[in-house]
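Please read its points alongside the sequence and the coordinates.

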Amino acid sequence: MFPMSNLSPSPGTPMAASPLTRAVLEIDEYASTLGWDKPARLFALVDTARLRRQEPGLAHQLGLDTDDAGKAQLTPIEQDEVPAGTPLDKFLGTIAWPDAVVGCALTVERLMLPPSAEASVPEGLNDKQLAKWVAGHPERQEVRLTVGVLRDGSRESAVRLREKDSSSEVLTGAGLVPGLAEALSATFA
């Protein structure tokens with residue numbers, strides 16, 4: 001069985017949001033309680049109703065044993081730690097999910113540049129050189145990206161800037177981090 005995280009619905013999560021949006025925002029809120037400068041975290045997304053039926057003891061342990069309308073329809077379950085030193089794309093390429101997992105999500109911290117700075121990126125840099133250049137750029141922004149995908153192809157992302165570390169400042173959208181969404185979707189192929 002998967003290691004569990006103690007996630008509870010975020011009080012600021014919109015009720016009209018899709019189940020995937022709510023799950024991504026719950027994971028973002030959970031990651032925010034852990035602080036910054038943390039390793040990537042991977043989550044399985046399971047159907048809450050199915051979890052209640054098939055694993056009632058586990059559902060009770062997670063506080064999901066009642067069929068409340070306000071409860072999430074997807075339950076995020078934190079997986080083992082992403083191995084340090086392993087490139088994320090290689091790690092994701094090793095994952096195969098059981099049928100009970102309807103989706104997955106990943107939260108990871110990165111440095112980003114505003115579009116105005118991207119035009120000044122020197123050509124011919126390898127990944128290590130590019131990372132060093134971005135880390136030294138005065139307009140860089142530290143961000144936490146939380147991206148979730150479902151087997152049916154649905155996607156959602158949440159982006160939290162370190163300098164605006166507030167639940168009310170989290171940006172959401174299906175197309176915010178397309179490369180990471182593609183990599184997570186490939187874990188279901």
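1. Two strands are taken to pair if DSSP finds at least two bridges between them. Helices (H or I, at least four residues) and strands (E, at least two) are DSSP runs, numbered from the N terminus. The model is predicted, so local features need pLDDT of at least 70 and side-chain atom pairs count only at pLDDT 80 or more, whereas totals for chains, interfaces and linings use all residues. Residues are numbered from 1 along each chain as its sequence is written, and side-chain values use heavy atoms, with hydrogens and water left out.

2. On these terms, an open sheet is formed by 6 strands in the order 2-1-3-4-5-6, with antiparallel pairing. Strand 2 (74–78) and strand 6 are the edge strands, each pairing on one side only. On average, neighbouring strands of this sheet are turned by 20 degrees against each other, direction ignored; axes are lines fitted to C-alpha atoms, for helices over the stretch in contact, and angles run from 0 to 180 degrees between N-to-C directions.

3. Helix 7 (residues 178–185) packs on the sheet and touches strand 1 (41–47), strand 3, strand 4 and strand 5, contact meaning heavy atoms within 4.5 Å. The direction of helix 7 makes about 35 degrees with that of strand 4.

4. Strand 3 (residues 101–112) is joined to strand 4 in the antiparallel sense by 10 bridges; in this pairing, Gly 103 has Leu 150 of strand 4 as its bridge partner. Strand 4 (residues 141–150) also runs antiparallel to strand 5, with 7 bridges, and Val 143 stands opposite Leu 161 of strand 5. The hairpin of strand 4 and strand 5 has 4 residues between the strands, and Gly 153 takes a positive phi near 100 degrees there.

5. Strand 5 (residues 155–161) is largely enclosed by the rest of the structure, because 5 of its 7 residues are buried (under 20% relative accessible area, with exposed over 50% and partly exposed in between; 1.4 Å probe, protein chains only). Strand 5 pairs with strand 6 (residues 171–173) over 3 antiparallel bridges, and Ala 158 stands opposite Thr 172.

6. How many residues does strand 3 give to the lining of the largest cavity? Strand 3 gives the most, with 3 residues. Helix 1 (19–34) also supplies at least two. By class, the lining has 5 nonpolar, 2 polar and 4 charged residues (Ala, Val, Leu, Ile, Met, Phe, Trp, Tyr, Cys and Pro count as nonpolar, Asp, Glu, Lys and Arg as charged, and the others, Gly among them, as polar).
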